[in-house]
Amino acid sequence: MNPRYPAAPWSGFLKGISIVVTLLLLGISLLFAFVMPVRVPTLLHEVVFAWPLLILLAAVLFVVRGYELRDGALHVRRLFWTTRVTLGELREAATDPEAGAGSIRLFGNGGLFSFSGWFRNAKLGRYRAFVTDWQCAVVLRGAACTVVLSPADPASFVRALQPSAAAPGSKKPLPRWRQSR
């Protein structure tokens with residue numbers, strides 16, 4: 001299995017949300033910089049000006065760049081670091097463009113440069129998402145949790161997780177997870 005998989009290119013929906021929210025946050029920051037009354041304390045003025053910019057900076061830092069599966073864990077490459085998500089024993093890997101349908105965000109980022117965090121829907125229950133394009137979604141069900149991610153080539157990612165057929169006479173057991181779809 002190729003150990004590294006790039007994230008899917010941003011969907012039009014993610015681009016749209018990111019552009020609109022970025023412009024909105026920059027506009028709010030500039031509005032407060034030029035419109036806030038002079039008699040407002042300097043510290044409050046600086047905090048109100050900087051807050052939208054800090055939100056943008058935080059979201060940029062958590063952008064999803066790629067994925068790696070090793071040692072029973074998913075490693076999500078961010079801008080400057082890697083987030084490790086323990087899957088435990090991988091039970092299922094499936095492509096599912098409808099994985100995010102009807103989801104409610106419990107905690108995380110709902111579309112500013114990525115869809116990242118904890119979500120819940122009727123189909124998957126509670127899951128963790130690291131998605132740049134829902135149409136390329138892959139659902140990994142592990143013993144510890146369910147994770148949704150979006151590699152650039154979802155079918156190749158899932159195929160790479162399939163157990164290879166054991167050679168005749170081989171005593172090596174096959175993994176206990178199954179691949180669907």
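The buried residues of helix α1 are Leu-14, Ser-18, Thr-22, Leu-25 and Ser-29. In this predicted model, these residues pack against two other elements, namely helix α2, residues 42–61, and strand β7, residues 115–121. Helix α1 itself runs from residue 12 to residue 35 and holds 24 residues. From first C-alpha to last, helix α1 reaches 34 Å, close to the 34 Å expected at 1.5 Å a residue.

The C-alpha of Val-20 is separated by 9.3 Å from that of Leu-112, although the two residues are 92 apart along the chain.

The secondary structure comes to three helices and eleven strands. Along the sequence, the order of elements is β-α-α-β-β-β-β-β-β-β-β-β-α-β. The chain has 181 residues, and buried residues make up 39% of them. Of the contacts between residues at least 6 apart in sequence, 53% join residues at least 24 apart.

I turn next to the aromatic residues. The whole structure contains seven aromatic pairs. One of them joins Phe-13 and Phe-115: their ring centres are 6.1 Å apart and their planes stand at 5 degrees, so the pair is stacked. This pair links distant parts of the chain, with Phe-13 in helix α1 and Phe-115 in strand β7, 102 residues apart. Are the two partners buried or exposed? Phe-13 counts as exposed, at 55% relative accessibility, whereas Phe-115 is buried, with a relative accessible area of 4%.

A further stacked pair is formed by Phe-119 and Tyr-127, at 5.9 Å centre to centre and with 20 degrees between the planes. Both Phe-119 and Tyr-127 are buried. Which residues do the ring pairs link into a cluster? The members are Phe-13, Phe-115, Phe-119, Tyr-127 and Trp-134. One further ring deserves mention for a charged neighbour: Arg-126 lies over the face of Trp-118, at 4.4 Å from the ring centre.

The next topic is the salt bridges. A search of the whole structure finds four. Among them is the bridge between Asp-96 and Lys-123, whose side chains meet at 2.6 Å, N to O. Asp-96 lies in the loop between β5 and β6, and Lys-123 in the loop between β7 and β8, so this pair ties together parts that are 27 residues apart in sequence. Asp-96 is buried, with a relative accessible area of 5%, while Lys-123 counts as partly exposed, at 45%.

Salt bridges that share partners also join Arg-4, Glu-68 and Arg-70 into one network. Glu-68 is buried, at a relative accessible area of 10%, and Arg-70 is partly exposed, at 37%.

Glu-92 and Arg-141 form another salt bridge, with 3.6 Å between the closest N and O atoms. What does this pair tie together? Glu-92 lies in strand β5, residues 90–95, and Arg-141 in strand β9, residues 138–142, so the bridge ties together parts that are 49 residues apart in sequence. Glu-92 counts as buried, at 16% relative accessibility, and Arg-141 is partly exposed, with a relative accessible area of 26%.

Finally, I come to the cysteines. How many disulfides does the structure contain? The count comes to zero. Cys-136 counts as buried because its relative accessibility is 15%, under the 20% cut-off. Cys-145 likewise counts as buried, at 15%.

To close, I return to helix α1. Its buried residues pack against α2 and β7, and its Phe-13 stacks on Phe-115, which lies in strand β7.

How values were computed: Residues numbered from 1 in each chain as written. Predicted model: local features only at pLDDT ≥ 70, side-chain atom pairs only at ≥ 80, totals over all residues. Heavy atoms only, no water. Helix = DSSP H or I, 4+ residues; strand = E, 2+ residues; numbered from the N terminus. Expected span 1.5 Å × (residues − 1). Buried < 20%, exposed > 50% of the residue type's maximum accessible area, 1.4 Å probe, protein only. Contact = heavy atoms within 4.5 Å. Phe/Tyr/Trp six-rings, centres within 6.5 Å; stacked < 30°, edge-to-face > 60°. Lys NZ or Arg CZ within 6 Å of the ring centre and 35° of its normal. Disulfide = S-S within 2.5 Å.
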